[in-house]
Amino acid sequence: MKVVALVSGGKDSCYAMMKSIHYGHEIVALANLMPLDDSVDELDSYMYQTELGYKATQGDEVEDLFILLREVKRQIPSVTAVSSGAIASDYQRLRVESVCSRLGLVSLAYLWKQDQSLLLQEMITNGIVAVTVKVAAMGLDPAKHLGKELAFLNAYLHKLKELYGINVCGEGGEYETLTLDCPLFSNARIVLDEYQVVMHSSGSIAPVGILHPLAFHLENKADVQQLKSQDKIHEICSQKLGSVFEVQDCLEGSEAICKPLDYKADPIDGIEHKFNISRTNNKSSFSICCWLQDPCNGLQEDLKIVLGKIESQLLGLGFGWENVLYIHLYIDDMSKFSEANETYVKFITQEKCPFGVPSRSTVEMPLVEMGISKAYIEVLVANNKDKKVLHVQSISCWAPSCIGPYSQATLHEGILHMAGQLGLDPPTMNLCNGGPGVELEQALMNSEAVANCFNCSISTSAIVFVIYCSERVSSLERLDIQEKQETILRQMKISHLQEGDTYKALDPLILYVLVPDLPKRACVEVKPILYVEDGTDVEFETIAERSCSKTLPCYWGFKQENWHDSCIQKCVISGKICAIILSITSELVAKICFDSLPADYVNNGQYSLPKAHMEKISKFCIYLLDKVITDNDFAWEDIMSLRFYIPASLKMSVQLLQPMFRNALFELSEMSQKFKSGEEPIFNIVPVIGAGRSASSMDVVTCELMARKP
């Protein structure tokens, strides 16, 4: 991409340019904001000293940046990205991303979330020669430390980190720098001839002083050849220099351009469509699922109608998109993902979600094959707006960016809902080469980077992993994925426990789902759900295949038997969360349907069941779920989400399957009197190629349940 670099003259913005060139981008312009009064050494930065989140505010520094970058785009229309030196400042990153979003630019922040000790050493090693021009921290004396090179101060800064916890890259305002030389300076370096120290505060604890240059000169570099080892940097720096333009403030034009668009869905054709709606009954967080019973001609049409219906459902309950925590977007054709996204971003906007946009997972499912419309949406809704959203739109080395109205993760009342992670290399946003195993490893690393932002780890805090595998992945490759996933998580867990980061860890439930395709033609997508502790002491009970301790009633003639335990995996956080994965394998079908099965029940790995047998299986699933829920002191009203994954190979439509599970729930409610079965089903039927606890063998029916106490 052609890039305009935001430069302050310090080490961070210069090194961010070097990283941008390293990753194949071309710097075509530099942009800098300067105070109107150049006699002032320092002005308070509105841009970096306000609360989290940003709205356009006339006359502030961010609007000056908008005007500046808008002018760059006008003069250089080929510019598509902006480079900045943000390392840890959410203030800076969010404001740059806001401006980029309004101008249709991509934010590049290659220093974001990097380990500051390693980053500082990397800068020095790669030729950044910078001196301190401001100090404002305990242990930094203006008389001793102003004008000193970073290489000289490196060890001392780390000593201050140990003593006082300072940021060694100066991210807490401990110091500011001026770059005198770096590989980008191809012809000359800056030499300060004379300067004076201006004291802003002479306190004894952390005096604040600024270096004010009085005279300098440029010194030609004796040996330009040494730069040629860094080919990309040398090439860009050897090009002919351009011109310098001063951009004047112009607020009127700014307001006209940055006014957000308010999209309202128009009626499609005046037809009253038939919808299939399901909703769970949890009072704190509940799921709404919707698909069309009378599909239109295309994916965009179906998606527009379904999103409009969900929006009206939310409004009818007194909620809006700002209450949505997570969105599962199922589509029938991944080659039309960009078309689906065009429709999606018209409904879910940052203006409609001022507290943060929902996280999202997108997969292709065999929808039409099982009688569903080409778009199928499930949303997780909170009854309050008390959520913490991580939404990083900048491309960086940290984790894949989310450019648009979908976020990396959403934390709500102790549960971290993470967006589906692909095996993307963060700085390039390309899939890693090397096959499914390499993609899985990178996806787990990306997930861990996101989890770390919430002070947790996928190896110790995960409740459930749903691992989507493309049907292009062979059974042997899926076995390799499973082994690699187990090895990586085990090694990460051992490391965290040895380092003392935590003294207890969950053993997550793992569900593998085989699907037709994934975004970017990926082989693997990882979707973790984590428990983030709130400081209270709770009991973890993560047990696979554990027998229930309570004697429960027998429904539909099912009696408690030892083999029932082999169907269940659960993760229980006492009094808070209950996650269950129920697996009905082909072997268990024979036990459930103890009367005769047809001779061609299994043919070439594909299952074929009579309707009566599927009805019995549906009742057994509900019976066993009730058994586990009750045994762990949860209720059906506590369920946040309940999905039944059904293979398309069963040749049963969702219209046929849904009444079976719905009738089973109704009959259970009548027999047990524990809950009332409402008009809408509380579960979703999700069509898949296959699903199961093992990556290599797929179940006949797989259930995923998540419950939490309100």
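Which ring does the charged end of Arg 360 sit over?

## Charges over rings

The ring is that of Tyr 344, and the charged end of Arg 360 is 4.3 Å from its centre. This comes from a predicted model. Elsewhere, Lys 709 lies over the face of Phe 634. Here the distance to the ring centre is 4.9 Å.

## Aromatic pairs

Searching the whole structure gives 13 aromatic pairs. One aromatic cluster is formed by four residues: Phe 558, Trp 563, Phe 620 and Tyr 623.

## Nonpolar cores

The largest nonpolar core contains 132 residues. Met 614, Trp 636 and Phe 644 have the most contacts inside it. Helix 15, spanning residues 611–631, is the top contributor to this core, giving ten residues. A second core is separate and has 39 residues. Among them are Ala 86, Trp 112, Ile 458 and Val 473.

What does Trp 636 touch, leaving aside its neighbours within four places in sequence? Its contacts include Ile 622, Leu 625, Asp 626 and Ile 629. Leu 642, Leu 665 and Leu 668 are also in contact with Trp 636. Phe 675 and Ile 682 complete the list.

## A strand pair

Strand 7 covers residues 188–201, and strand 8 covers residues 208–220. The two pair in the antiparallel sense, over twelve bridges. A hairpin of six residues joins strand 7 to strand 8. Ser 201 stands opposite Val 208 of strand 8.

In a regular strand, side chains alternate between the two faces of the sheet.

Methods
Residues numbered from 1 in each chain as written. Predicted model: local features only at pLDDT ≥ 70, side-chain atom pairs only at ≥ 80, totals over all residues. Heavy atoms only, no water. Phe/Tyr/Trp six-rings, centres within 6.5 Å; stacked < 30°, edge-to-face > 60°. Lys NZ or Arg CZ within 6 Å of the ring centre and 35° of its normal. Core = buried A, V, L, I, M, F, W, Y, C linked by side-chain atoms within 4.5 Å. Buried < 20%, exposed > 50% of the residue type's maximum accessible area, 1.4 Å probe, protein only. Helix = DSSP H or I, 4+ residues; strand = E, 2+ residues; numbered from the N terminus. Contact = heavy atoms within 4.5 Å. Pairing = 2+ DSSP bridges.
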